[in-house]
Amino acid sequence: KAQGNYVLILNSDTMLLGPLKPLLDLMDSDQAIGLMGCAIYDDDMNLYPYKHHFPNIFSELYKLTIMSVKDVSSLFTSHKRNEPVNVACVDWVEGCFMLTRRDILNRAGCMDEGYFLYYEDIDLCYSIEKRLGMKVVYYPYTKVVHSGSKSTNFSDALHLQQYYASCVRYFSKHRGTIYAAVFSMVCISCWIILFTVVGLSRLVFPKAGRLRRKHDMLITALKKAIGDAFKVKSGAKALL
């Protein structure tokens with residue numbers, strides 16, 4: 001429904017601090033800029049990470065295994081920091097605030113509705129940068145407070161499942177099905193190892209509620225991931 005030259009994608013759980021005009025002026029002055037983000041803070045005014053790089057097997061495997069057992073919230077918050085920054089080109093910016101021109105959004109294909117949650121912002125930035133050959137720019141002087149997790153009410157297991165599913169979709173689209181399949185196999189193998197380690201730890205600390213929750217989280221995520229893998233395999237056989 002947007003009719004203007006610019007489109008601002010803004011989450012419902014955000015509060016904008018500062019004007020938008022400097023960002024608009026910068027985009028007007030540099031037609032190579034395809035999309036802009038700004039400084040994102042949590043409710044305690046901790047700065048969200050901003051030096052984003054496009055995902056690869058190693059970065060996402062670490063998030064989905066070691067960090068997920070430590071604390072699922074660390075998938076999104078573990079690298080928060082307060083430090084001075086300048087306007088910079090980055091691979092992608094947080095999806096809770098994304099400013100672009102309407103024609104660029106249409107050329108890039110808007111957001112892929114195949115993602116239920118997570119990675120759709122990375123996917124859009126990838127299309128703008130790699131397909132259209134335009135810049136994604138981080139602008140630190142306009143700030144947004146993002147409460148986070150207000151659009152969802154998932155358990156740890158469902159967070160992990162959805163993050164994994166979106167990651168596999170992203171890799172399939174931009175790295176190929178073989179790359180995505182290798183990632184899935186390695187991720188599931190790591191989850192099995194972690195499930196075993198956490199299970200043995202529960203024998204030593206039977207009253208540790210956190211271990212029980214993480215054990216349940218891993219088995220739920222494993223069931224879903226393995227089930228999805230078999231569906232993909234069955235679908236491929238049916239096509240053949």
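Contact here means heavy atoms within 4.5 Å.

## About the model

Welcome to this structure, which is a predicted model: local features need pLDDT of at least 70, side-chain atom pairs count only at pLDDT 80 or more, and totals for chains, interfaces and linings use all residues. Residues are numbered from 1 along each chain as its sequence is written, and side-chain values use heavy atoms, leaving out hydrogens and water.

## A buried arginine

Let's start with R101, found in strand β5 (residues 97-101). Helices (H or I, at least four residues) and strands (E, at least two) are DSSP runs, numbered from the N terminus. Beyond its neighbours within four places in sequence, R101 is in contact with N5, Y6, M27, D30, Q31, I33, G34 and M134.

R101 is buried but has no salt bridge. Buried means under 20% relative accessible area, exposed over 50%, and partly exposed in between (1.4 Å probe, protein chains only). A salt bridge is a side-chain nitrogen of Lys or Arg within 4 Å of a carboxyl oxygen of Asp or Glu. For R101, the nearest side chain of opposite charge is D103, 4.3 Å away; Lys and Arg count as positive and Asp and Glu as negative, while His and the chain ends are not counted. A polar atom of the R101 side chain does lie 2.8 Å from the backbone oxygen of I33.

## An exposed cysteine

Next comes C89, in strand β4 (residues 88-89). C89 counts as exposed because its relative accessibility is 55%. Not counting residues up to four places away in sequence, C89 touches K135, V136 and V137. The C-alpha atoms of C89 and M36 are 9.2 Å apart, although 53 residues separate the two along the chain.

## Salt bridges

There are 6 salt bridges in the structure. One of them joins D25 to K21, with the closest N and O atoms 2.9 Å apart. Both residues sit in helix α1 (residues 21-29), 4 residues apart, or about one turn of the helix. D25 is partly exposed, because its relative accessibility is 37%, whereas K21 is exposed at 54%.

Another salt bridge brings together the side chains of K173 and D123 (3.0 Å, N to O). This pair links distant parts of the chain: K173 belongs to helix α6 (residues 156-174) and D123 to helix α5 (residues 120-131), 50 residues apart. K173 is partly exposed, with a relative accessible area of 40%, while D123 is buried at 3%. Both take part in a network of salt bridges that links D112, D123, R169 and K173.

Terms used:
Polar contact = N/O pair within 3.5 Å; in protein donor to acceptor, adjacent residues only side chain to side chain.
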